Amino acid sequence: GTNTGVNTNTYTYVAYVFAEIPGFSKLGSYTGNGNADGPFVWCGFRPRYVLIKRSDGVSNWLAFDSARGVYNEITALAIYPNLANAEGGTNEDIDFVSNGFKPRDASASFNISGATYIFLAIADTNGKYSNSR
């Protein structure tokens, strides 16, 4: 096609394409509830990394990992992969549990009431082929 957003002559584009692998990665969506006891999002494993983006409105991508926040509730400076800055200036709170994750504040980035969010979660360990901790 000729859409300038994805196919302009002499421009270079990058596409990141992911697929679910049972016990290792999960792609999906959830609806925010707008409070500190956010919705539980089932993944089937304990996440090591979660990437979230609001899909029905404007917001930045938001990344969480268990390397920078090792205890629940994970409170870490936000990482916005779509921005030029590294860690952001605000703390965001999330829980990584044995079978998914749970937002722990009403942040516009990942838990506004009624908003739809898409996510990519990657497992802490591959539970399908090894013993979970």
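Reader: Is Arg 46 buried, partly exposed or exposed?

Author: This is a predicted model, and in it Arg 46 is partly exposed, with a relative accessible area of 22%. The class follows because buried means under 20% and exposed means over 50%, with partly exposed in between.

Reader: Where is the place of Arg 46?

Author: Arg 46 is in the loop between β2, residues 41-42, and β3.

Reader: What separates the C-alpha atoms of Arg 46 and Thr 125?

Author: The two C-alpha atoms are separated by 7.7 Å, although Arg 46 and Thr 125 are 79 residues apart along the chain.

Reader: Let us turn to Asn 111. Is Asn 111 buried or exposed?

Author: Asn 111 is buried, with a relative accessible area of 0%. Its place is in the loop between β7 (100-103) and β8 (116-123).

Reader: Which backbone oxygen lies 2.9 Å from a polar atom of its side chain?

Author: That oxygen belongs to Asn 35. Leaving aside neighbours within four places in sequence, Asn 111 is also in contact with other residues, among them Gly 32, Asn 33, Gly 34, Asp 105 and Tyr 117.

Reader: A change of topic: how many residues are in the largest nonpolar core?

Author: The largest nonpolar core has 19 residues. Those with the most contacts inside it are Tyr 30, Ile 52, Phe 64, Phe 101 and Phe 119. In soluble globular proteins, nonpolar side chains tend to be buried together.

Reader: Which element gives the most to this core?

Author: β8 does, with 4 residues. The elements that give two or more residues are β3, β4 (62-65), β6 (87-97) and β8.

Reader: And what is Tyr 30 in contact with?

Author: Leaving aside neighbours within four places in sequence, the contacts of Tyr 30 include Ile 52, Phe 101 and Phe 119. Pro 39, Val 41 and Phe 110 are also among them.

Reader: Finally, the largest pocket. How much space lies in it?

Author: About 280 Å³. Its lining includes Tyr 16, Phe 18, Trp 61, Asn 82 and Phe 119.

Reader: Which elements give two or more residues to that lining?

Author: They are β3 (47-54) and β8. The largest share, 3 residues, comes from β8.

Reader: How do the lining residues divide into nonpolar, polar and charged?

Author: There are 10 nonpolar residues, 1 polar residue and no charged ones.

Terms used
Residues are numbered from 1 along each chain as its sequence is written. This is a predicted model: local features need pLDDT of at least 70, side-chain atom pairs count only at pLDDT 80 or more; totals for chains, interfaces and linings use all residues. Side-chain values use heavy atoms; hydrogens and water are left out. Buried means under 20% relative accessible area, exposed over 50%, partly exposed in between (1.4 Å probe, protein chains only). A polar contact is a pair of N or O atoms within 3.5 Å; within protein, one must be able to donate a hydrogen and the other to accept it, and residues adjacent in sequence count only if both atoms are side-chain atoms. Contact means heavy atoms within 4.5 Å. On a 1 Å grid over the protein atoms alone, a cavity is a set of points where a 1.4 Å probe fits but cannot get out, and a pocket is an open set with protein on both sides within 12 Å along at least five of seven lines; lining residues have an atom within 4 Å of a point. Grid points are joined across faces, edges and corners, and a volume is the space filled by probe spheres set on the points. Ala, Val, Leu, Ile, Met, Phe, Trp, Tyr, Cys and Pro count as nonpolar, Asp, Glu, Lys and Arg as charged, and the others, Gly among them, as polar. A nonpolar core is a set of buried Ala, Val, Leu, Ile, Met, Phe, Trp, Tyr and Cys residues joined through side-chain atoms within 4.5 Å.
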